[in-house]
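Subject: Handover of a structure and notes on it

Dear colleague,

Please find the structure below, together with its sequence. I would be grateful if you would read the notes after it with the model open beside you.

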Amino acid sequence: MSADETFEELGFNLKFEDEISFALANRAKARYITFLKDTKTLMVSSNMTMQELQAIYQKCKELGWIRQQKDNKLDKATLIDFFISSVDKEQEPVWTEEYIEELLDNFDVIPKEDQK
């Protein structure tokens, strides 16, 4: 089920939308949720139920604001150990911590045998 369908089931309707934001409203409960697209920020008007929070989380995933993580992905320490620490101490490593950080900012690194 999409976030929009969940919001609709919870009584929320689109209040407004423009190029930088959109807002959902549940007037019966006096609840409003505003998504600011340009800053990937949201504002809520009051306390939210767990169902409402789950719908917000799903919407953020659908907007690409939250990356889905793989359980078996390699972390920074493992990559540093493999690409930097395992290199002969007499040679300068080709990879640096900065390269590894940039890689992890853009990709999930999954060992080949775990890929499906």
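This is a predicted model: local features need pLDDT of at least 70, side-chain atom pairs count only at pLDDT 80 or more; totals for chains, interfaces and linings use all residues.

Residues are numbered from 1 along each chain as its sequence is written, and side-chain values use heavy atoms, with hydrogens and water left out.

**Helix α2**

Helices (H or I, at least four residues) and strands (E, at least two) are DSSP runs, numbered from the N terminus. Helix α2 covers residues 50-62, 13 residues in total, and spans 18 Å from its first C-alpha to its last. That is close to the expected 18 Å, where the expected span is 1.5 Å times one less than the number of residues.

Which residues of α2 are buried? They are E52, A55, I56, K59 and C60, where buried means under 20% relative accessible area, exposed over 50%, and partly exposed in between (1.4 Å probe, protein chains only). These residues lie on the same side of α2, because they cover an arc of only 140° around the axis; the arc is that of the directions from the helix axis to the C-beta atoms. On the other side of α2, M50, Q51 and Q54 are exposed. The buried residues of α2 pack against α1 (3-9), β2 (21-26), β3 (31-36) and β4 (41-44). Just after α2, G64 adopts a positive phi of about 85°.

**Salt bridges**

Side chains of opposite charge can pair when their charged atoms come close. A salt bridge here is a side-chain nitrogen of Lys or Arg within 4 Å of a carboxyl oxygen of Asp or Glu, and by this rule there are three salt bridges.

- D4 pairs with K59, with the closest N and O atoms 3.0 Å apart. This pair links distant parts of the chain, as D4 is in helix α1 and K59 in helix α2, 55 residues apart. D4 is partly exposed at 44% relative accessible area, whereas K59 is buried at 11%.
- R31 and E52 meet at 2.8 Å, N to O. R31 lies in strand β3 and E52 in helix α2, so the pair ties together parts that are 21 residues apart in sequence. R31 is buried, with a relative accessible area of 16%, and E52 is also buried, at 1%.
- K37 pairs with E17, the closest N and O atoms being 3.5 Å apart. K37 is in the loop between β3 and β4 and E17 in strand β1 (residues 13-17), so the pair joins parts that are 20 residues apart in sequence. K37 is partly exposed at 28%, and E17 is exposed at 51%.

**Nonpolar cores**

A nonpolar core is a set of buried Ala, Val, Leu, Ile, Met, Phe, Trp, Tyr and Cys residues joined through side-chain atoms within 4.5 Å. Of the 13 residues in the largest core, F7, F12, L24, I33, F35, I56 and C60 touch the most other members. At least two residues of this core come from each of α1, β2, β3 and α2, and α2 gives the largest share, three residues. Apart from this core lies another, of six residues, among them I80, I84, I100 and L104.

What is C60 in contact with, leaving aside its neighbours within four places in sequence? The residues are F35, L42, W65 and I66, contact meaning heavy atoms within 4.5 Å.

With kind regards
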